[in-house]
Amino acid sequence: MDHNEIATGHADTSEDKNCKEEASTMKANCRTPDITGSWLQLPIPNVTKKVFQVASPFWCPVKTTVISQSHYGNSSSPLFSSSLVFQLIFFLSSPQAMDCVSPILDVATRLWDCTAKRVVYIPELEKNLNSLKSLTEELSNLSKDVMVSVEREEELQQSRRTHEVDGWLLAVQVMEAEVEEILQNGHQEIQQKCLGTCPKNCRSSYRLGKIVSRKIDAVTELKGKGHFDFVAHTLPCAPVDERPMGKTVGLDLMFEKVRRCLEDEQVRSIGLYGIGGAGKTTLLRKINNEYFGKRNDFDVVIWIVVSKPINIGNIQDVILNKLPTPEHKWKNRSKEEKAAEICKLLKAKNFVILLDDMWERLDLFEVGIPHLGDQTKSKVVLTTRSERVCDEMEVHKRMRVKCLTPDEAFSLFRDKVGENILNSHPEIKRLAKIVIEECKGLPLALIVIGRSMASRKTPREWEQAIQVLKSYPAEFSGMGDQVFPILKFSYDHLDNDTIKSCFLYCSTFPEDHEILNEGLIDLWIGEGFLNKFDDIHKAHNQGDEIIRSLKLACLLEGDVSEDTCKMHDVIRDMALWLSCDYGKKRHKIFVLDHVQLIEAYEIVKWKEAQRISLWDSNINKGFSLSPCFPNLQTLILINSNMKSLPIGFFQSMPAIRVLDLSRNEELVELPLEICRLESLEYLNLTWTSIKRMPIELKNLTKLRCLILDRVKWLEVIPSNVISCLPNLQMFKMVHRISLDIVEYDEVGVLQELECLQYLSWISISLLTAPVVKKYLTSLILQKRIRELNMRTCPGLKVVELPLSTLQTLTMLGFDHCNDLERVKINMGLSRGHISNSNFHNLVRVNISGCRFLDLTWLIYASSLEFLLVRTSRDMEEIIGSDECGDSEIDQQNLSIFSRLVVLWLHDLPNLKSIYRRALPFHSLKKIHVYHCPNLRKLPLNSNSASNTLKIIEGESSWWENLQWEDDNLKRTFTPYFKTW
């Protein structure tokens, strides 16, 4: 460091260098010799020193002394002595000075310019300090604003500040600290001024002023850099976001099944479906946390709550927020542009999409999710309450999330109630099992009810709670405001009001009741839910579709192919709650089951009812008085030990439309009051013991449905009764035992049915040969009869069924027709295109106690689903070759039993073959074989009933003696065998 640097405390600035260069230039122009000697080697200001350096050749070098202490006080800047000043004046007045005055003046001018710029630091110090303070405050405020933006981005957007922003904020902190120190020094410097104006130490003030000036420039520059287009970069997300989840109960087995599917590379998509509140979302959380959260072979796992209505844009945003792409690349872009960006990013990854709460099909391509077939490991797992969504999403594997087993239910309930409560009294544990039974394993109900019961500490409190839970579940704490609203989402998402009405109607059946589809649909027709169909057959088809839809929506239980359904108890409670206007009109519907005594005070409540349903109850002891039911529309009294009803009982029901008295086997006489119910549209007398139908029945002119199935001892149907029911659409009279109708013959019944204009559905048993002949010669009857059973029919040896006129038959039965030897199909003009005009509606065939050798005519029943053959001792083959032969089957390309679901063979001692070739059995689920010792081979091969077969039931000895093509085939089907 040179002399100047020592004097100023820092290296020469550009100004210093410029002055030095100018002095050097001017010295050269005056041809001044080099300065020799070491005079003025003092720490004096650079510019002054340069003046003496220029003038020094013109006077004698004089060693000067420097006054280091002056009247200004202590200072590090020296002052010249008076002798030096006199020498300078003497020199300037000498003749020699004239030769160089001009260069000196030029030097002085230039030196003054340089010095003046620097001297200003001293008088403007205070002003500059204030400016620096203000600028620094502005910089601090800007820094705070930037920091707020950074923190918001980092907290909400899962981002990290850019290096540029981070460096700027650090620079601001350093700058603030430096300025703070400068401001403190400046305050001290100003406080030390002499007489309030002159600095005590010019050099110190000059140096500080210079620093302040430069710092103002630095703060201004730093402030200008504090404006950013964006302050943070989106962080690469963790592959899996852990989902909050408590302790799970009863999901381990299901979790293991899903895990195996996830590890199967052939399974790319999985659908988890089930009733609301069963734990589907909880299972998906468990999969997210405990399976994907512990693996590193997936790049990203994305959780999406879909719900309804589907919002494609929101789903795309969720995906893009999870992927490593800057927000500005997709924010405010179109769905198509977002889809393209998603597809580009996901194609390069092994991804997992978890779709929760789906109610309808989601187009994955529209979202941007690439085809799963293009990926080696990528998966999609979805949850839904509707199995139909699994179909529409074309999932590779679907799994139903079922309710908990009793032990699992107890464990979950215990967790919510608390061990201390359950163990507080011996009776409480017993009562807890009653509560758990009411929940039927539904986790949602167990959790809500368990939490509510945690505050009840005595057996009496538990008993009171159980009474409320059984009588009015909606009034139990948590049910009406937590459980039912969640379950109601499934109801709200049903397609239309017709399906909703049909669903709610199922709640009029008792708890745990196995409901026959056919009987339920008949009631729906009677209630008018399916009135848009004039043809009862079409209404039945629509009813079947509604049941299927409710099963797929998990609002009804049971396989879609079964002919029964069931309603979960909690779902049933919710349906009753909805039917009673969210519990506001709880007397609107009454459903009683297994009540031995109905008190009079209970019956009084029924006057407000619109529907009353009594099952397996003793009403004879409770109906001593005739109550008034002005609003009653539906009365169901099934299996109620009814012998008779009080006189005037039905007169109090002016609005009744549906009356079901079925399964009252002690009822031998139809009350005449029923025949005065002018508004009645549906009357069911199935399984009663009524012997005669009153002639007054013809007064029921609005009657649309009359069901007399299995009215075993019916002997009298007066003439012109049925024909006087002009609005009759459905008539059923199947499996009657009595062979004689005293006052009217069967042919007459058919003739009356034949003349009814709106009749479109007839189910009937024909008991004599003449009535069979009447049927076979009437095109109208052949069109209207949907279910036909020929019973006994003495003297009837051959039945020739015209193929072209039997398009509407759905059920065909032959019951103990001992004289009947064979059934023939009259091909008529249909030969050559049988497949287009066969029994395409025939789904059920029952053969019992007949002499048939085979049933080869069934090759034309391509839609057959249920075949029962029993106690037919002469039967040798089901499908033989004596009538049509294999050539007929091959020529017509007939699919034998391709839709068959159940095959039931019972007590056929001479049966040797079902069919001589193996059949594919695309739909077969159950095979029942009992007492068929000569049936040594089943028409099965390795492709038969693949993915459909559930059970083969028979005797062990029969199974062991079966013949197989090879041992592998036997091993294939052995797991399905179950001993009868």
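A residue counts as buried when its relative accessible area is under 20%, as exposed when that area is over 50%, and as partly exposed in between, using a 1.4 Å probe and protein chains only. Take Ser763: with a relative accessible area of 0%, Ser763 is buried.

Before going further, some ground rules. This is a predicted model, where local features need pLDDT of at least 70, side-chain atom pairs count only at pLDDT 80 or more, and totals for chains, interfaces and linings use all residues. Residues are numbered from 1 along each chain as its sequence is written, and side-chain values use heavy atoms, with hydrogens and water left out.

**The whole chain**

The chain holds 31 helices and 29 strands. Those names stand for DSSP runs numbered from the N terminus: H or I with at least four residues for helices, E with at least two for strands. Of the 980 residues in the chain, 50% are buried. The chain exposes about 47300 Å², and carbon and sulfur atoms supply 49% of that; such areas come from the Shrake-Rupley method with a 1.4 Å probe, and for residues only the protein chains shown count as cover. A contact here means heavy atoms within 4.5 Å. Looking at contacts between residues at least 6 apart in sequence, 66% join residues at least 24 apart.

**Helices that pack**

Two packed helices are described by the angle between their axes and the distance between the axes. The axes are lines fitted to C-alpha atoms, for helices over the stretch in contact, and the angles run from 0 to 180 degrees between N-to-C directions.

Start with H15 (residues 406–417) and H17 (residues 426–439), which pack at about 115° with their axes 10 Å apart. How are H15 and H17 placed relative to each other? They are roughly perpendicular, given that angles under 35 degrees count as roughly parallel, over 145 as roughly antiparallel, 65 to 115 as roughly perpendicular and the rest as oblique. The crossing of H15 and H17 is right-handed; a crossing gets that label if the near helix is turned clockwise from the far one by less than a right angle, and is left-handed if anticlockwise. On the H15 side, the touching residues are Ala409, Phe410 and Phe413, while H17 brings Lys429, Ala432, Val435 and Ile436. By class, that contact has 6 nonpolar residues, no polar ones and 1 charged one. For those classes, Ala, Val, Leu, Ile, Met, Phe, Trp, Tyr, Cys and Pro count as nonpolar, Asp, Glu, Lys and Arg as charged, and the others, Gly among them, as polar.

H17 also packs with H18 (residues 443–453), at an angle of about 145° and with the axes 9 Å apart. The crossing of H17 and H18 is right-handed. Here Val435, Ile436 and Cys439 of H17 meet Ala445, Leu446 and Ile449 of H18. This contact has 6 nonpolar residues, with no polar and no charged ones.

**Residues and their neighbours**

Back to Ser763, which sits in strand E19 (residues 761–766). Leaving out residues up to four places away in sequence, Ser763 touches Phe731, Lys732, Met733, Val734 and Glu787.

Thr808 is in the loop between strand E21 (798–802) and strand E22 (811–815). Is Thr808 buried or exposed? Thr808 is buried, at a relative accessible area of 15%. Not counting residues up to four places away in sequence, Thr808 touches Gln782, Lys783, Ile785, Arg786 and Asn841.

Lys691 lies in the loop between strand E16 (682–684) and strand E17 (705–707). With 46% relative accessibility, Lys691 counts as partly exposed. Again skipping residues up to four places away in sequence, Lys691 touches Val668, Trp713, Leu714, Glu715 and Val716.

Here are two pairs with their separations:

| Pair | Apart in sequence | C-alpha to C-alpha |
|---|---|---|
| Thr808 and His840 | 32 residues | 8.0 Å |
| Lys691 and Leu667 | 24 residues | 9.6 Å |

Most residues other than glycine have a negative phi, and most peptide bonds are trans. Which residues does a cis peptide bond join? Lys308 and Pro309, with omega at about 0°. Pro309 lies in the loop between strand E6 (300–305) and helix H11 (312–322).

Asp512, not a glycine, has a positive phi near 60°. You'll find Asp512 in the loop between helix H21 (497–505) and strand E10 (515–516), and at 35% relative accessibility it counts as partly exposed.

Cys793 has a positive phi too, of about 45°, although it is not a glycine. Cys793 lies in the loop between strand E20 (785–791) and E21, and with a relative accessible area of 0% it is buried.
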